[in-house]
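Notebook open, structure loaded. I'm going through a few contacts and surfaces one at a time and jotting down what I find.

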Amino acid sequence: MTDAFHPRSDFLATLQQRGFIHQCSNFEALDEKALSGSLIAYVGYDCTAPSLHIGNLVSIMMLHWLQKGGGKPIALMGGGTSMVGDPSGKDQTRKLLTVAQIDANKAGIRKVFSRFMTFGEGGTDAIMPDNAEWLAKLNYIEFLREIGSHLSVNRMLAMDSVKLRLAREQELSFLEFNYMCLQAYDFVELHRRYGCTAQMGGSDQWGNIIQGVELGRRLGAAQLFALTAPLITTASGAKMGKTAAGAIWLDAALLSPYDYWQFWRNTEDSDVGRFLRLFTLLPLDEISRLETLGGAEINEAKKILANEATGLLHGAEAAQSAAETARRTFEEGALAESLPTVDVPGAEFDAGLGVLAAFVRAGLVASTGEARRQIRGGGLRVNDEVVADERAIIGRDALGAAGVVKLSFGRKKHVLLRPN
């Protein structure tokens with residue numbers, strides 16, 4: 001669909017060339033809007049966790065390229081919709097959060113965006129409103145009369161987020177059913193307040209976004225647009241950003257820059273070119289050169305991917321430090337001081353820390369069951385020695401000259417345990 005269309009705007013041309021486009025409600029009209037320099041588009045981010053993760057990075061990069069192409073990005077905080085919970089892709093109702101939890105999550109999420117776009121009062125400067133500003137003040141009867149009368153239940157029932165849940169005979173609450181109504185209303189409200197005419201998101205949001213486009217049409221708004229990106233999976237079919245140890249967070253307080261760097265360094269060979277296009281700012285001709293590398297040379301391309309992606313999120317200094325830590329650890333076999341470190345009460349070393357619990361504490365595995373499986377496969381090491389006994393104990397005698405114990409999962413994941 002996108003291959004037959006040749007956009008004239010820098011924004012859509014960049015998205016097309018880098019692999020961001022999955023569906024668009026009207027390519028030609030959106031391209032004209034972007035070409036005019038008047039395109040204002042938004043992506044919504046619910047505050048359901050203290051940080052965004054790599055799964056959110058595709059849409060953040062879309063906002064980045066929108067600003068680079070002369071448009072105005074809106075990163076909408078979902079302070080209001082987080083009170084309801086998006087049912088998309090879920091078999092069960094999301095846990096309801098308190099206002100205090102949502103506010104705390106919002107504070108953590110906000111920090112990421114300034115790395116990717118410029119905020120301010122200028123025409124193309126990004127803004128970050130919160131949909132609680134209008135959703136929290138809605139009068140229910142008024143909303144039903146003015147907005148609900150324009151929303152089609154038939155269309156909602158046909159959406160994957162609803163249809164799949166019902167097909168699996170999983171309950172869908174009336175609360176969740178209202179989520180798509182609120183998201184559609186957000187689009188119309190952003191158009192009224194800021195002149196926003198496009199909503200972007202992952203392909204799983206297509207139905208919700210189209211609801212907003214349709215609601216805008218029925219309420220007499222100017223033409224609104226839907227633009228989605230493909231949901232990113234690795235070449236082996238794994239969901240992007242999901243690992244045995246948990247999500248790949250964008251907040252350095254939840255995932256160190258070193259671990260973030262290592263995530264990209266461990267990219268599958270066949271994903272290197274695609275991820276360079278999506279998650280870095282490298283020129284396309286340089287990416288084309290890097291993805292043709294084969295054999296051992298592909299590892300150099302992976303290091304460039306790790307450096308560029310980490311530098312974009314955490315800064316060049318953090319990326320350089322992570323790369324140097326990796327070099328010393330893997331090429332020189334040194335115990336680099338900048339490896340991720342987890343503090344453990346000294347009393348636990350005195351009593352003897354079970355090796356299974358130690359690897360879970362370090363975040364290298366998700367559970368003791370996973371630790372057992374890795375031990376059977378020879379995948380876990382303590383101080384570079386393969387763990388053969390799942391009942392092994394780590395005591396103070398395991399502390400080296402640096403006063404730490406080095407835990408390793410495979411060849412590239414290392415964490416230091418330090419008594420405090």
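This is a predicted model: local features need pLDDT of at least 70, side-chain atom pairs count only at pLDDT 80 or more; totals for chains, interfaces and linings use all residues.

**Strand partners.** I started at arginine 381 and looked up its bridge partner in β11, which is valine 386. Strand β10 (residues 380-382) and β11 run antiparallel, and 2 bridges join them. I then traced the whole sheet: it is open, has 5 strands with mixed pairing, and reads β8-β14-β13-β10-β11. I wanted the edges too, and they are β8 (341-344) and β11 (385-386), each pairing on one side only.

**Aromatic pairs.** Next I asked how many aromatic pairs the structure holds. I got 9.

My next pair was tryptophan 264 with phenylalanine 279, which is tilted, at 5.0 Å centre to centre and 50° between the planes. Tryptophan 264 sits in helix α12 (residues 257-265) and phenylalanine 279 in helix α13 (residues 272-279), so this contact ties together parts 15 residues apart in sequence. Buried or exposed, I wondered about tryptophan 264? It has 0% relative accessibility, so I logged it as buried. Phenylalanine 279 comes out at 1%, so it is buried too. I also found that Trp264 and Phe279 belong to one aromatic cluster with Tyr260, Phe263 and Phe275.

**A charge over a ring.** I looked at phenylalanine 409 and found lysine 413 lying over its face, 5.5 Å from the ring centre.

**Nonpolar patch.** Last stop was the surface. Which residues make the nonpolar patch of about 440 Å²? I have Tyr140, Ile141, Leu144 and Phe174 down for it. Helix α6 (residues 140-146) gives the largest share, 3 residues. Tyrosine 140 lies in that helix, α6. I looked up how open tyrosine 140 is: its relative accessible area is 46%, which falls between the 20% and 50% cut-offs, so I have it as partly exposed.

How values were computed. Residues are numbered from 1 along each chain as its sequence is written. Side-chain values use heavy atoms; hydrogens and water are left out. Rings of Phe, Tyr and Trp (its six-membered ring) pair if their centres lie within 6.5 Å; planes under 30 degrees apart count as stacked, over 60 as edge-to-face and the rest as tilted. Helices (H or I, at least four residues) and strands (E, at least two) are DSSP runs, numbered from the N terminus. Buried means under 20% relative accessible area, exposed over 50%, partly exposed in between (1.4 Å probe, protein chains only). A charge sits over a ring if NZ of Lys or CZ of Arg is within 6 Å of the ring centre and within 35 degrees of the ring normal. Patches are made of residues with over 30% relative accessible area and no salt bridge: like charges are joined within 9 Å, nonpolar side chains (Val, Leu, Ile, Met, Phe, Trp, Tyr) within 5 Å. Accessible areas come from the Shrake-Rupley method with a 1.4 Å probe; for residues, only the protein chains shown count as cover. A salt bridge is a side-chain nitrogen of Lys or Arg within 4 Å of a carboxyl oxygen of Asp or Glu. Two strands pair if DSSP finds at least two bridges between them.
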